[in-house]
Each structure stands twice: as structure tokens, then as C-alpha cells.
Amino acid sequence: MRTSRIPTLDAYITTALARTGLSAQERAVIDNLRMEERVGDARLNRYGEVFRGKSVTSVDDLYGLQRNYAIQYLEIDPSEADIPDTFAPDNAANAWHHIDDRLYLLRMEDVGFALRGSKIDIAELELAVRTRDGAVLKRFCDSWNDWRDRRPAFATTEIAVEDILKDAGDDWPNTLRDFLGLGSYNPTSHVAPIPVLLMRYTVAEVLADKSSGTPGFVIPTVIDGRLNPFFFPTPHPAPDSDAAKYEIGRAVNLRPVTTQSEYRMGMELVHSRIAYKPEHIWRLGRVSRPLTGDLAILRSLHLAWLQLEADRNDFGAP
Amino acid sequence: MANMNTTPDPATQAWLDDFAAEPLPALDRLLMGKVWLGGYAAAEVPDALPQFLPIALHDTLDAALLDWLKQQLQTSETPPGVNAKIYAQALVDAFALLQGFDLPQTRAWCAEQVTSVWAWLKVQAAFRTRDPRPVFLRALALAQPDRKLLPFWMMLCRHGVREEAELALFGLRRMPKDDQGEVERSLPRALIQGFLDYGRAAARGDDSRKKEWLGEVDFLTAVYPMRGDQWASAFRVGMARRSPPKRLRHWLDERYPAANQEPPRTSHAAPLKGLYWDEDIQPLLGRFDRNPQMVSPALRAKLDEYRHYARETGDSYFLVRTFTRLGEYLLNQAPHTQTPRDPEWALDLGQEAALWEPSNHYSWALVARALNALGDWTRARAVFWYARRRFPHNPFSHNQLGHALAMRGLVDEGEAIYRQAIRRFPDDPVCWSDLAHTLRVAGRHEQAVAVYREAQVFFHKNQVLACGLTGVLIDLGRADEARAELEWAYQLSNDSINDQRTLADLRHRLDAIEAGRPLPWKRTLPAEERSLGDFSNLNGLVGIDLCPMPALGLVGLWRNANDLQRARSALSGLARFPASDVERGLILVHSKGWAVTRDFFRNSVQRYPGDGCTQVHYQRARARAGDQVDAADWNSLRGRFEEFAPVIRIEQNPAATMPAALTDNDAEQDADSELSVWMYRAGASSRRDLIEEDFLAARQIA
């Protein structure tokens, strides 16, 4: 991303990189901003607007400003007229038009968030999911939908993970968390496991949902969410190479490995809002294990695969 | 490089260190989105924090969150430099923390201050997906150690706003069986009552909300699996003492028709004992004055039965009406002592009634009068002014304030109150007769005569006015005029015992004055500041600070009387808060015109983005300043602040028809409905602006 167009951001990056002892997480978000090449000029200008007149002297400042951008330009209420930047015409270059609309998509959701304004408790939700109690699940979905804005939803396809899910059995929440790079689900040893829902719906349902304003699928960029060290931008393929022409989003796999051959990239996309229905609630489970991989190593393995896949040895170069 | 878990995330650890050292600032920065939590940054704060906050810091979080909330509640303004949406998110996150952690101090404080927190939240900016109110309600519902929130849940059910009522029903579901925290393991009676009260509100007018209400029936059926006849019985018992409107019964027919039929002979349901004023209370009052020490314990025991019924069923209807009626009795003078029977007890009853039904005018009238009778003018005055602001559609709230002011020697203020009540209720002779009567007992007899004469121009054949005028003429010793007026009163009288008694008394007084024995006049009391307690209890009942009510009321009073100097003087002592800003803005209309007023309200909207009253005033000012205000502007405002719909609709069309919900004679109408009816009826009248301002002020504190 041309951070040079946002002087305060650029200055922060320069200063931070010169600092010794930069954490892997902070390094990751800085690298992501530098590597990102899918944010067009118009969008970058809007992003830059939130930096106007603000100083960026720490990653806290950077986080706060990107959060402001997200709240202002991505996390749009269904009742508001604007559409999230991700699905705006000036991000059309990243649109993903070619997914078969019969495919199932999977998305992991935090039950704590889903229940925030709900009229049921988690025990009732678990029972309802287990017994497929339509009345309770409908009520749950209705109040949850009221809470959900139109921010881009990170998801994957069922076919991308069905073998992983099958092998994982009851451990699917931990496995899927790792494979999709959902590192913010990371319970430390003294806390209770985090209840999560696995939502399943079709591509066609996303495209048909008018509550989103502009239904669609997009390859995610670094500014399609909060400042997240587990995100990794996806490069454009080299123009004159044999690299795959059809581009997709790639998630950092957090399963702890140390070699290139062991590492497998995850697959991710973002899509527009879909109003959940009871039949979309596929599974309820719990993320119980803390992350144990080394983020710096995993990111380096991920980068190597991306460079290979896109035939872009220059991508991510210092 | 360290792995991701064995060593805490450095960003997370840095915040934990800050939090341990300075909890409140660290929590504030976190909630305001100024802290990057490293690996947890993609999660919302309430989802991230439970994953890494050590148990040893949970108490610290409890104390810090409590301090943070107290700090927020000190002002209605969005913190400087913070976007309204971001602040709304911070509030959502704060209450979501209360859902996710066991924070007993904060929870207890929120429950204790529930009315205040709720009132404050209602003027905060909220967005559909960032609304702190449901999160707050759910946080309260989830961890209830006792049944203290029952009146609050029932109030939300009666109010009938879908989202709030559903969460209130959730609160009733989660409420323990008793105050010791025993888990409720059956269908709570109060839940059925809350459900019926919600239905009473939903069924006003038409069937448009039938699906919504039946959806709730279906949901409850799923949550409490029972036989159909058991559900029918539960509803039948719930409806036994206070029948719901026919429409609600018809709705219920679609699920449990047996609920509307006689119970089967084999029914074992044992309804709570019925309570009836005529049977339970009246016989005791008949003996009260002869032996209050003997009767009081029996009376208190009866009241306990009302309390028990309300606590078990959640139905406070009978409690409120009985307590206010009994309170009035206790405030009246005993025939032998010529002093109020027991104003302290009356005050307790009034406050208890107000706790259960804060929107019941009689409760507040009783509280104000009881305080006044106790000599607590400081608090009485505040409650009188509050009642006038909260219930402007009720002439009594104006008249009793006017009377109280005059009886404290503030006759000019009292008269101004009455004069403005007359502007609001030009067809109501009571405002006139009360004004004249008040002037008379305040010793301003000539003025009283003038008012009676003035009133008789409009209500020539009003017997109360004729009697009142006769009385004051007798006071003045103008026997001939009094005799002529008494004759007129006789012509207007009917054969009722009361009428005949009044006329006989007047005849007796007239005879006495002719014999040279005039009766004494009532003396006024000084309007000195005197309080027997602080405002905390009263503020807790209304959810706002009552202290500024008199000054706030005086600003509006003098502004509407075109006495801007006195209005400004009253305003000068007021701090800035949404209601005082409205007054500040409206004063500008008189001196600077609507364009300046519009600009003022534009700034107020920035200052209080969640205050619907301010928003509507801004839009009104724009329209009056000649700005183009189109339907989309009004509709957008209505979408956010439905409770202001009557003014918004009338602004768009002064002849707007009243919604069916307000004209449904079969439905129970509460104070809020009556206020709306009053507003709609004034839409096309010359009183519109005055009543719109009253309506907005009332809704602002409702």
C-alpha cells in the first residue's frame, strides 16, 4: 500500500522498523500495510482521511485510527445509506465473480458476540442447536441479525475445509481456527473455552440477500477489518507468468509447523452481509486450545508459498 | 521468536501492566478503542478480554468498570473528540463486559441505579447495531441475585416497545424465585403477567402487532414445555383479576382458547387471594380516626397482602391504586385534630407506588403533597415541578403546583402557572376555579373575584364558579352581591347531596357575615428552603436529578409569559444538560429569531447526539427558520426516535390523524398514550407550539 501518501502513517512505519525489539505482531501489521497492493487510490484517500490531523506515534494510535476507518466506512448499519468500502465500485478490481453459487460457505462466529443483545442464554442456545429447535433458533437469529452491521464477513468454502473438518472430528473448532488464521480466538490456559458457531450457507444466498446493499465477494485487503496480525495480504500474480490467473484470498495457517512442506495456506474470502436463518447454524463448539505456533515462522512460510503461487519473488521484499 | 501463547502477547501484556497500575485510565483507553491488543485486536473488547485477563484482576476490572460507568453518568454529553458511533460502541462493550465477567460490584450498582442508568442511556447516541440499551438489559437479566428488578421489568413490559419488552421478559425468566436467590424451576407467575402487560400495549388499536406477540407465545411455549391445558390455566389465572382487552383475548384464542373459558371443575389452580378496596381497606378506614393505633397494624397487614400479590405476580395495578388512594386519605385532615392523619406514611406509600408505576401521575401527586405536608418544601417543590413537566396533559399537575406555590407565598408564580394552564386547557373550568380559589385562600380576594367574573364569561352556567364567587364575596363582606350570586348558584344546582350541602354552608356563612361574624382566612406558609432528606431516593425513582426541576420549570414559565428577564435569571443558575439547553434555545426565539435558534440547536445536537428531544427541536427550528426540511428528514428522525412521533407527524401535517392505538376505547391507555392524544388534538389549534414544547419536554424525562 502506498503508505507514503499518508505521511503520519509512513513516519510511524519508518520509526517502528528502526526500533529494536519490535514484536512479531507489530511487525506483522506493519509488513501487511507495506505489502498490500490491492488498495486503490480512491480507497486509499478515504483511508488517509482518518489520519488527517492525527499523529501516529504508536501502534495503539494506528489501531485506533484504523478502527475509526472500519467503524466509519466498513461497519455500516443496515439502516444507513452508505455501503461498506469493501463492496464499493472503487474496490471492484478485487471482486470475486466466479464462485459457483451452489457452494456452501463456512464462517466461524463468536457466540459471545452473537448473544450480546439476545433474549436467550448460552445453555438454551446449545440445547436448541442440538435439538434443532426452530422456534428458539429463529428468535436467536432475529436478535443477532439486529446486531450485525454490514462489515465484510471473512469466510471460506466448505470444499476448502471438508477434509480438515472430517479429520478433526470434535476438535473442529481448534482446527478450523488454525486453518483460517483466526488467531483472536486464543484462550489462555486459565479461562473457559470460547463457544463458537459454525455457520453454513450458500454463495447464492449471499448474492440474494438484499440487506447487504451490494451483494458480492471480494479478495480481502489489509483495511477490510481491524488491525490484525494474523491477516496476510494476497499479491496480484506476475503479469507475464504461468501463475494462476484466478486470484483468491489466502489465510495464514496457524497450525504449528516449521517447514515449507508441512505448511498449507488457508483459503479465505470476504462477502457481503447475509441475514442468518436457523438453518445456517451448522455446529456449535468450543475453541479450547491456545495458539502454539510461532507467528514469525508461519508468516515466513506463508509468504514463501504466496510468492511461489503468484510467481512474485518480489512480493514482501524488504 | 517466542511462540504465541507461552509468552503473553507483548501488546496484551503491556495493557495488563497499565491496567494493574492504573485501572481506570487503562480501561477507558481500551473501551474508547485506543489500545491495540496485538493478537486479540481483531476481536471486540468483550470477546478478547475474557481470553487473557488473569482471574486475579477480575476484582480490579469490577472496580474500574464501576468507576468508569459512574464517570460516564456524570454528563449526557459525548466525550469531547469522540465520534458518537465510537462512544456507542464503548458503552456496548462496557455492558458486554458485565455480561461476560462476574462483576458483582458493578452489577449491584447497575441494579440499584437501574432507573438512572436507563434514563441516561435513553439520551445516549445509539445505532441499530451499536445500541447499549439491550446489552445493559441483558447484563442485568443474566445475573439477578434477588427479585429487586421486578418493577423495572414490569415497567418495560407495560411500555410495550418490542425489543425492550422481550428483554424484560428474559429478565423475568431469569429472575430467582425469591430474594434469597433460589432458582425458579417452574413457569414464573410474573412472567405471565409481564407477558399480558406487553400484550395490552401491543393490542392497542389494531392487529398489526399480533404476529409479534404470538411469536413470543410460541417462543415461551418452546422454552417452557407444558401441556396446552397448563398454559391455558396459567393465562386464565393471570387474567382473572384484571381482564385484558378483547383484542388480546382474541389473539390468545389462536393458541390457547381454553384460557378464555371457565376453568374445568377439576382445576387445582389456586390463585392468589383477591384484594378489594371496598372489602379490605374501606372497613378499616371507617374506624381509623377513632383509634388509629389499633387500626394501623391491621391496615399495614392488608397492604402487605397487596405487596405480596405484586411481588408474586408482577401485577402492581391494584397496589398502585390502593396505595395512592390510601395515601390521599392519610394526607387529609382528621376531623377532630384538623391536621393531616399521617403524611409520613402517605409519603412512603406514594414512593412505593411510584417505584412500581413511575408513569402514574397520582403517585407523584401524592409524593409531592406528602412532602409539602411534612414541611419539606425543597423536595416537594421539585416533585411538583417534575410532575408538571412529566404530565403536562393533566390539568391537575399544573393546578396543584400553582396552588402549592401560592400557599407558600409565591402567589405571582402560582398565578402564572394557572394562567398558562388555562392557555393549555381553555375548555376546562377547573383551572379557572382553582386559580380563583387559590387567590382567595392566599388572601387576594379582589383578584379572586376578578378571576371568577372572567371565568363566568366562558362558563356562565358553571355552578362551581358561582359557589366559589359567592364564597369570596362573603369573605369580602359584599353581602348583596354574594346573595345574588348564591341565588344564581341555586339555579344552577342539581339535587345532589354535595351540591345542597355546599349551598347550605354558603347560606350559613352569608347569614353569619350579615350578623357580623366573618369566618377566618387560611394563612400561607413561608417558601423557605427546608428539606428532611436528600434527593437520592427520589432521583432513583425518576432516574434523573430532580434538583434543577424548579429552575427549569421557571425558565419555561417566564419564557411563555414573555418575561424574558425572569426567564434568563432562572436559567443563569442552571448547568448545561439537554433540558436546560432546550430552554436556552427556546429563549433565543424571542430575542434573536429562529435562524439563531436553529444554529444553537445545531450545536446542541452535536453535544447530545442521542437526545431525541434536542433533535426534534433542531428540526423544528430549521423548519421555522425557513430551511427546506423534507419528508425524508422527518422520517429519518422518526426512525430513530419513535417516541416523538406525534410531534414529528404534526410538524409534517398539523391535521395528522391519530393512530388507531390511541383511539381504542377497549384498551388501557397509560400516561404516555394520554400525552400523545393531547398532542394530536392540539395539532391544528393555536396552542400547537406550546403543547409541542410540553410534549417534547415530557418525553425527554419520561
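How much area is buried between domain 1 of chain A and domain 2 of chain A? The points below give the answer and its setting.

1. This is a predicted model: local features need pLDDT of at least 70, side-chain atom pairs count only at pLDDT 80 or more, and totals for chains, interfaces and linings use all residues. Residues are numbered from 1 along each chain as its sequence is written, chains are lettered from A and ligands numbered from 1 in the order in which they are written, and side-chain values use heavy atoms, with hydrogens and water left out.

2. Chain A has domain 1 (3–85) and domain 2 (96–310). These bounds come from an automatic or database domain assignment. The C-alpha centres of the two domains lie 23 Å apart. Domain 1 of chain A gives 32 residues to the contact (heavy atoms within 4.5 Å) and domain 2 of chain A gives 28.

3. Now the opening question. The buried area is about 2,700 Å². That is the accessible area (1.4 Å probe) that two parts lose on being put together, summed over both. Carbon and sulfur atoms give 61% of it.

4. The rule finds 3 salt bridges across this interface. A salt bridge is a side-chain nitrogen of Lys or Arg within 4 Å of a carboxyl oxygen of Asp or Glu. Arg43(A) and Asp224(A) form a salt bridge through their side chains, at 2.7 Å, N to O.

5. Phe425(B) and Trp678(B) are 253 residues apart.

Note on methods
Helices (H or I, at least four residues) and strands (E, at least two) are DSSP runs, numbered from the N terminus.
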